[in-house]
Amino acid sequence: MRTISLVSAFALAVATVAVPATAQAPLNPSAAAGVHTDLPRVAHPSHYTISITPDAKALTFTGTSSVDLEVTEATPALTLHALDLKIATATLTPAGGAAMPVTVTMDAKSQTATFTAAAPLKPGKYRLDTSYSGIINTQANGLFALDYPDKVTGKDVRGLFTQFEAPDARRFAPMFDEPIYKATFDLSATVPATQMAVSNMPIVKEEPLGGGMKRVTFGTSPKMSSYLLFFGLGDWERMTKEAAPGVQAGIVAPKGSGEQARFALDELAPLIPYYSEYFGQPYPLPKIDNIAAPGQSQFFSAMENWGAILTFERILLNDPAITSAAARQNIVTTQAHEVAHQWFGNLVTMAWWEDLWLNEGFASWMETKATAHFHPDWFPLLERVNGRDAAMGLDGFKTTHPIVQEIKTVDETNQAFDAITYQKGEAVISMLEAFAGENVWRDGLRAYMRDHKFGNTRSKDLWQAIEKAGAPGLTAIATDFTTKPGIPLVKVTGMTCKKGVATLNLEQSEFSVDRKDEVAAKPQQWKVPLIVSAGSGEPVRTILDGGKATVTVNGCGPIVINAGQLGYYRSLYTPQMLTSLKKAMPTLQPVDQMGLIADNLALSSSGYQPYGPAFDLLAAIPGNANPVVLGNAFGDFVGAWRVLDKDPAAQKKLYGKVAGTYKPRLMALGFEPKADEPLRDADLRSTLIAGFGTMGDADVVAEARRRFAMLASNPKALDGPLKTTWLNIVARNATKADWEAIKAMAAASNSAVERQFLYTLLGRPADASLAKAARELALTDAPGKTTSAAMIVASAGLHPDETYDFALANREKIESLVDAQSRVTFIAGLGSQSNDPAMIEKLKAFKATVPAEAARPVDRVIGVLTEKARTRPQFIKGLTDWQNAKGK
């Protein structure tokens, strides 16, 4: 993920993370104090038996469900979740007794079904049987359908999938649809005999039924939360290999995928023994499948259903014709994230969504750790700096929230999937691991897994386990950083160095983007773990607890007060120290180079210091730097170039500076991929080509047009890892003829991934008339139900005001193209890159049309645009002044 620095913050869209989602509470959930719910705490399930018959063509299904449950206190009725279901019959059978009819009352607002018997129910065990029907959606909610071209014939075919996180298992069957209600599941389905059905467990029985149908029965699942249940059906194939003794790994993909599944499978299988050893708990299912869904969502990229991960095909299958180096890396990191969830989230689950970060923050952290284990040459630990800064891009605004946040409603649950939960969660965990030490931290996690497996937890359960393993004081630090919103600011107020020993005077404050006066008067205080380095020798570790501290460290510099960038705080240096850091920049560790640039760009943007020092540090990154560092720094310069769009002379001047430093690196890499080159070099090549294409570099744009012209005689001329890079440049500069050619390519493609990409490209042109044509095309059936939204987002990149207005004018249609949980976020985000102050008033008017609990995404965009209106002129002046002063 790109660093959200000063420049990219100007273009900040509301973060709902296109990343995937997913601990021992008392057996009786009614005893779980503090859990917010809309279900009465009078009963809990132990087992579900569900049978469904989908009608993919009609987009409907029928089902029967039996829920074994225990009533824990006398009650006049049972209430379960149910949404978009029509319950035809319902009976309740007490243990050892006869079935009795119940009346069913549906409540669409609370998404529940209440089952009332003739007399109040006494405590005891019962079975609730229902027959019902439901709908198959065309967006990723509940049971949903994806249409895609057959890889061989090009004919459209349909696959069925489920997406239940957070609150959508209730669309599949009446359920106790909250994470604390764990139960086992038996699932069966009546399906076409020629198709493959997949669920959490392997198939234990297939019965031919005649008429081209069969009944498929899956094994009994482990005890798990309802949101982890999965069902899929389609014309698929499965590639497998052994992951561990008794555990088979598989990639399920559309027929004809063939070797495209091999890379993902080879990366998937080793994760099972690696995580089993790290967590001290063996993987408890007999198989782990990853199912390729040929579509996309504006809300998520993959989902960790236990034993049956769902991942959109574009980030699972490795198609040599179109998969880029960055996409290959994404295949690895996404799988590492979802497989980590098989333990953190599935085996041990948060009790309620307020602790969602126990799933997502830890999976994000473990994803990076696993990738560093298997692919250290990809420098994955550097990405933690980017992730931390992405989180700070939200956390510095007054619209932020704590990692552990109060959640009461479905809308609030959906909004919790953001950079605070994922990236701040990962950053805080990294800081806490550094405080505890890797071995103590791992020992604590193993104890936590052992003691809470198949159960539910809250954050305090984890802190207690880590402290008991040998990290006293961790709970206080962890509580500060997970229950308080915002970002600590650690300032150096003075430094002296005598006889090789530096003495630093430090002061703790609070970093803010849009409430600096408030935090200056009364800043929050955290217990902040510091790692301070003076460039040689062992770094000093200490806790900044309270307003001020003095730290001594061997060596006189360069001083880095967040060495290794493991702390979740901004670092503000004295001007003299920044001068020293600028000189030392080429020799600093790559992680510190990235962290210093991110901090100083953000500090300058928010008025804590002038712009000059930040640009000095950015310019001090040499052209032969680590490829990740270089790509990030180059991206910041490209972003700055875009901000200067009203001043072509200033743009030209900045381009000259950028080209002087970065063009030689591109020329050394060349325009052609090289066999067996490091993945990060391949990714850097793409980054540099894309950035120079954005800036209109004559060589790069000409090369893009030359290669595009070759398609007229050879449709495969652009095939390879740079295909998407070159086509993006062509699309940005497209003529009407270019646009029509891309449109024809999209319609003709037999690849779902390529078709989605090409249709999305149609929204990227700088030409406003072509972007308008793309928006209008998006409202037709041509692109596909899950591609149209991506086209509209693409249009908003260069035409945010027109795209936002278009979405509001066609709101009902637009909302039908987006997952239910992301509709408000989607529309608000379309205006996030606007530079017109009028957009703020438009968003305020939009906010008035949505429920209060769903309004946070709108408030975030309003906050970003308000700050942008204030800081954009200052940024432009700061950048041009810096260029002029340096003669750049």
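In what order do the three strands of the open sheet lie, and is their pairing parallel or antiparallel? In this predicted model, the open sheet has the strand order β3-β7-β6, and its pairing is antiparallel. The edges are formed by β3, covering residues 75-81, and by β6, covering residues 103-107, each of which pairs on one side only. From one strand to the next, the twist averages 25°. Between β6 and β7, the latter spanning residues 112-121, there are five bridges, and these two strands run antiparallel.

Charged side chains were considered next. Side chains of opposite charge can pair when their charged atoms come close. Across the whole structure, a search finds 48 salt bridges. Among them is the pair formed by Glu-313 and Lys-151, in which the closest N and O atoms are 2.7 Å apart. Because Glu-313 is located in the loop between β20 (308-312) and α4 (325-341), whereas Lys-151 is located in the loop between β9 (142-149) and β10 (156-163), this pair ties together parts that are 162 residues apart in sequence. Both partners, Glu-313 and Lys-151, are buried, a class that requires a relative accessible area under 20%.

A salt bridge also joins the side chains of Arg-450 and Asp-451, with a distance of 3.0 Å from N to O.

Within helix α21, which comprises residues 736-748, Lys-736 and Glu-740 are four residues apart, or about one turn of the helix. The side chains of Lys-736 and Glu-740 meet in a salt bridge, for which the N to O distance is 3.1 Å. With regard to accessibility, Lys-736 counts as partly exposed because its relative accessibility is 47%, and Glu-740, whose relative accessible area is 33%, is also partly exposed. Beyond such individual pairs, salt bridges that share partners join Glu-672, Glu-703, Arg-706 and Arg-707 into one network.

Methods
Residues numbered from 1 in each chain as written. Predicted model: local features only at pLDDT ≥ 70, side-chain atom pairs only at ≥ 80, totals over all residues. Heavy atoms only, no water. Pairing = 2+ DSSP bridges. Axes fitted to C-alpha atoms, helices over the stretch in contact; angles between N-to-C directions. Salt bridge = Lys/Arg side-chain N within 4 Å of Asp/Glu carboxyl O. Buried < 20%, exposed > 50% of the residue type's maximum accessible area, 1.4 Å probe, protein only.
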